[in-house]
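Subject: Structure handover

Hello,

Here is the structure I promised to pass on. Please open it first, then read the notes below alongside it.

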Amino acid sequence: MASHAVCIQRVAPPCFEASQLNKSKTVSPFSVSITRRKRRSSGVRCSLVDFIGGDLVKPDIGRWLEDVEKHKAIAIYTPHEGGYEGRYLNRLKEQGYYFLDISARGLGDPETTLLNPYPVCPAHLGKQPIARWYYPPEVDYRLSALPPSAKGLVVWIIEAKVLSKSELQFLALLPSLRPNVRVVAECGNWRKFMWKPLAEIAELAAQE
């Protein structure tokens, strides 16, 4: 058998010079805690509004009531998360207003639905004769049912952004046709609750 020679080399530990040892910095646990504190301190600052709610500390309720009485038809823009418009709705309720909540989708002609008797055709399923039922005008029917102590009727229209310009112009003119009626139309969304006169949104003042 042939013999194999095995060579074993002993590797010496690395040798550092004194200058290299001085350059290396030792990190103490106290300095690590300081850096952690600095990182934690650079966070998001919160104010009192973030804890209470932005809809509870709005100082514009008085201006809201004044604009509703002055312009009588208001276009509002609400945040996407919703809930803010309820504060302004409740203030109108406290003033003695009653509400007609109606959606703009499927409304049809606003003048016919709100001020005139309008027909409704129920589904006949192909086995029944086609019928046509007539409903009373929504606004006049509610006005006749208001109690004597009521201040008026607020027509609150949801999703009014789908309405055309001519339909918005009619809604802006509705309080002039029915003096006890106020119109609030949800015409879109914004970062905060805001409102404008509906005649300005429908460009009714420019045409006049």
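One cut-off before the details: a residue counts as buried under 20% relative accessible area, as exposed over 50%, and as partly exposed in between. Please also keep in mind that this is a predicted model.

Two loop residues

K72 has a relative accessible area of 32%, so this residue is partly exposed. K72 sits in the loop between α4 and β1. Its phi is near 70°, a positive value in a residue other than glycine.

E159 is the next one to look at. Its place is the loop between β5 and α8. Phi of E159 is near 55°, again positive in a residue that is not glycine. Its relative accessibility is 30%, so E159 counts as partly exposed.

The chain overall

The chain has ten helices and seven strands. It holds 208 residues, and 30% of them count as buried. Take the contacts in the chain with a separation of 6 or more: 78% of them come from residues 24 or more positions apart.

The sheet

Five strands make up an open sheet. Their order is β2-β5-β6-β1-β7, and the pairing is mixed. Which strands stand at the edges? They are β2 (97-103) and β7 (194-197). Each has a single partner strand, so one side of each is left without a neighbour in the sheet. On average, neighbouring strands of this sheet are turned by 25° against each other, direction ignored.

Inside the sheet, look at β5 (residues 152-158) and β6 (residues 181-189). These two strands run parallel and are joined by five bridges. W156 has V184 of β6 as its bridge partner.

Two helices pack on this sheet. Helix α4 (residues 61-71) touches β1 (73-78), β2, β6 and β7. The direction of α4 makes about 140° with that of β1. Helix α8 (residues 165-177) touches β1, β5 and β6. The direction of α8 makes about 160° with that of β6.

More on α8

How far apart are the end C-alpha atoms of α8? They are 18 Å apart. At 1.5 Å a residue, the 13 residues of α8 should span 18 Å, so the two values agree. The buried residues of α8 are L168, Q169, F170, L171, A172, L174 and P175.

The α4 and α5 pair

Two packed helices are described by the angle between their axes and the distance between the axes. Here the partner of α4 is helix α5 (residues 85-94). The two axes come within 11 Å and cross at roughly 60°. The crossing of α4 past α5 is right-handed. On the α4 side, the contact is made by I61, W64, L65 and V68. On the α5 side, Y88, R91 and L92 make it. Of the residues in this contact, six are nonpolar, none is polar and one is charged.

A buried threonine

T113 lies in helix α6 (residues 110-115). Is T113 buried or exposed? It is buried, with a relative accessible area of 8%. Which residues does T113 touch, leaving aside its neighbours within four places in sequence? They are L107, Y118, P137 and E138.

Best wishes

How values were computed
Residues are numbered from 1 along each chain as its sequence is written. This is a predicted model: local features need pLDDT of at least 70, side-chain atom pairs count only at pLDDT 80 or more; totals for chains, interfaces and linings use all residues. Side-chain values use heavy atoms; hydrogens and water are left out. Two strands pair if DSSP finds at least two bridges between them. Helices (H or I, at least four residues) and strands (E, at least two) are DSSP runs, numbered from the N terminus. Axes are lines fitted to C-alpha atoms, for helices over the stretch in contact, and angles run from 0 to 180 degrees between N-to-C directions. Contact means heavy atoms within 4.5 Å. A crossing is left-handed if the near helix is turned anticlockwise from the far one by less than a right angle, and right-handed if clockwise. Ala, Val, Leu, Ile, Met, Phe, Trp, Tyr, Cys and Pro count as nonpolar, Asp, Glu, Lys and Arg as charged, and the others, Gly among them, as polar. The expected span of a helix is 1.5 Å times one less than its number of residues. Buried means under 20% relative accessible area, exposed over 50%, partly exposed in between (1.4 Å probe, protein chains only).
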